[in-house]
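Visitor: I should like to be guided through this structure by means of questions and reasoned answers. May we begin?

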Amino acid sequence: MAVNGISGSGITGTLDNGQNASQTAMLQGEARKFASLVREMQDKAALGLADSSPSHSGVSSSQIARNHRLNGDYTQGFYGAFASEADKAARPQGFAAGTRTKNGAVPVIDKTSELYAQSMEMENYMVKMMLSSMRSSIQHTSLAGTDNEYARKMYDDMMYDNMAESITKNASLGLADQIYIELSGQR
């Protein structure tokens, strides 16, 4: 339908008050951060530094706890999540289950290594991006006369972060396994 010669699809940018542009810019920024993290991990793997301590650009050393988290983080993280002997020679799961090495063997995953913990963090980041995209499609209705929008957003952020962490730990998607296999040079 056209109104005064302007089609409905041509005016959507003015009707949504720039929300789509804002969300697109935010997602592009997150994608750049993710690409930078991937490059950093690939550089470390190429130099054989995959198990050395990670660099935390923009964060002072006093802010980093011994468990690789920032002080005040409310999520548990993935460092030290696997500790049994069986975790040192695990088989790929999920998306990576059919992966083979150059000579046709099944790759071995050391789930106790720091590289695997970082791979889990990357999988978690990807799951967060997926949930964030899904979350943005939900319309929230605010109750008349309430000023709890900030608290609701903070609670939602924490809930979705914990949901992403739970999915990463329990769903066996295999993205972390695939990332580990690629960065460890087994493929």
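Visitor: Which residues are linked in a network of salt bridges?

Guide: This is a predicted model, and side-chain atom pairs count in it only at pLDDT 80 or more. Side chains of opposite charge can pair when their charged atoms come close. In this structure, such a network of salt bridges links E149, R152 and D156.

Visitor: How many salt bridges does the structure hold?

Guide: A pair counts if a side-chain nitrogen of Lys or Arg lies within 4 Å of a carboxyl oxygen of Asp or Glu. K88 and E85 meet this condition, at 3.7 Å from N to O. In this pair K88 is partly exposed, at 41% relative accessibility, whereas E85 is exposed, at 60%. For the structure, the number of salt bridges is seven.

Visitor: About how far along the helix are K33 and E30 separated?

Guide: The side chains of K33 and E30 meet in a salt bridge of 3.7 Å, N to O. K33 is exposed, at 55% relative accessibility, and E30 is partly exposed, at 26%. Both belong to helix α2 (residues 19-46) and are three residues apart, so their separation is about one helical turn.

Visitor: Is E165 buried or exposed?

Guide: E165 forms a salt bridge with K169, and their closest N and O atoms are 3.4 Å apart. The two residues lie four residues apart in helix α4 (residues 149-170), about one turn of the helix. K169 has a relative accessible area of 32% and is partly exposed. E165 has a relative accessible area of 6%, and since buried means under 20%, the word for E165 is buried.

Visitor: What accessible area do Y150, M154 and M158 have together?

Guide: These three residues form a nonpolar patch on the surface. One of them, M154, lies in helix α4 and is partly exposed, with a relative accessible area of 41%. Together, the accessible area of Y150, M154 and M158 is about 330 Å².

Visitor: How many residues apart are F82 and Y116?

Guide: F82 is partly exposed, with a relative accessible area of 23%, while Y116 is buried, at 4%. F82 lies in the loop between α2 and α3 (114-136), and Y116 lies in helix α3. The pair thus links distant parts of the chain, and the residues apart number 34.

Visitor: In which helix is confidence highest?

Guide: The mean pLDDT of the protein chain is 77, and 71% of its residues reach 70 or more. Confidence is lowest in strand β1 (residues 2-3), at a mean of 47. The highest mean, 92, belongs to helix α5 (residues 175-183).

Visitor: How many contacts beyond four places in sequence does the model have for residues 50-56?

Guide: Over residues 50-56 the pLDDT stays under 50. Where pLDDT is low, the predicted coordinates should not be read in detail. With that caution, the number of such contacts for residues 50-56 is 19.

Methods. Residues numbered from 1 in each chain as written. Heavy atoms only, no water. Buried < 20%, exposed > 50% of the residue type's maximum accessible area, 1.4 Å probe, protein only. pLDDT = per-residue confidence, 0-100. Contact = heavy atoms within 4.5 Å. Patch = residues over 30% accessible without salt bridge, like charges linked within 9 Å, V, L, I, M, F, W, Y side chains within 5 Å. Areas by Shrake-Rupley, 256 points an atom, 1.4 Å probe, with all protein chains shown as cover.
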